[in-house]
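These are my notebook entries on a single structure. I set down what I looked up, in the order in which I looked.

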Amino acid sequence: MEDVLSIPHKLMVHWLNIDPHIKSIKQKRRHFSIKRNQAIFVELNKLLAAKIINEIQYPTWLLNPIMVKPDRGGW
C-alpha cells in the first residue's frame, strides 16, 4: 500500500462501463463473523488511506466483499 501512494492517481482509476438503461441488481446481504468483519475493515481502511478507493453511495445496488484466504495465513 505504501508504494502505491507514489503512483499518479490517473494511472489507477477504473470506471465501470454500466448501461444506464439496464436495471441494477441488489445482492442479498451476507453476514460475516466478527473476525472476518475486522479483516474487511482493516483492508478497507488501508485502501481508503491510500486513496485507491473512495466511498460511493448506491441505494439500489450492493456488492458483497469476497474474502480470500492467502497461503501465508490471515485474510
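For burial, I took a residue as buried when its relative accessible area is under 20%. The model is predicted, and by that cut-off 5% of the 75 residues of the chain count as buried.

Entry on the fold. I looked up the secondary structure and found two helices and zero strands. I then examined contacts between residues at least 6 apart in sequence; 78% of these join residues at least 24 apart.

Entry on the surface. I computed an accessible surface of about 7,500 Å² for the chain, with 58% of that area belonging to carbon and sulfur atoms. I next searched for a nonpolar patch and found one formed by Ile-7, Leu-11, Met-12, Phe-41, Leu-44, Leu-48, Ile-52 and Ile-53. Together these residues have about 690 Å² of accessible area.

Which helix gives the largest share of the patch? I noted H2, with three residues. Helices H1 (9–12) and H2 (34–49) each supply at least two residues of the patch. Ile-7 lies in the segment before H1. I record Ile-7 as partly exposed because its relative accessibility is 37%.

Entry on charge pairs. I searched the whole structure for salt bridges and found one. The side chains of Glu-43 and Lys-46 form this contact, at 3.5 Å from N to O. Both residues lie in helix H2, three residues apart, which is about one turn of the helix. Glu-43 counts as partly exposed, at 32% relative accessibility. Lys-46, at 39%, is also partly exposed.

Methods: Residues numbered from 1 in each chain as written. Predicted model: local features only at pLDDT ≥ 70, side-chain atom pairs only at ≥ 80, totals over all residues. Heavy atoms only, no water. Patch = residues over 30% accessible without salt bridge, like charges linked within 9 Å, V, L, I, M, F, W, Y side chains within 5 Å. Areas by Shrake-Rupley, 256 points an atom, 1.4 Å probe, with all protein chains shown as cover. Salt bridge = Lys/Arg side-chain N within 4 Å of Asp/Glu carboxyl O. Helix = DSSP H or I, 4+ residues; strand = E, 2+ residues; numbered from the N terminus. Buried < 20%, exposed > 50% of the residue type's maximum accessible area, 1.4 Å probe, protein only. Contact = heavy atoms within 4.5 Å.
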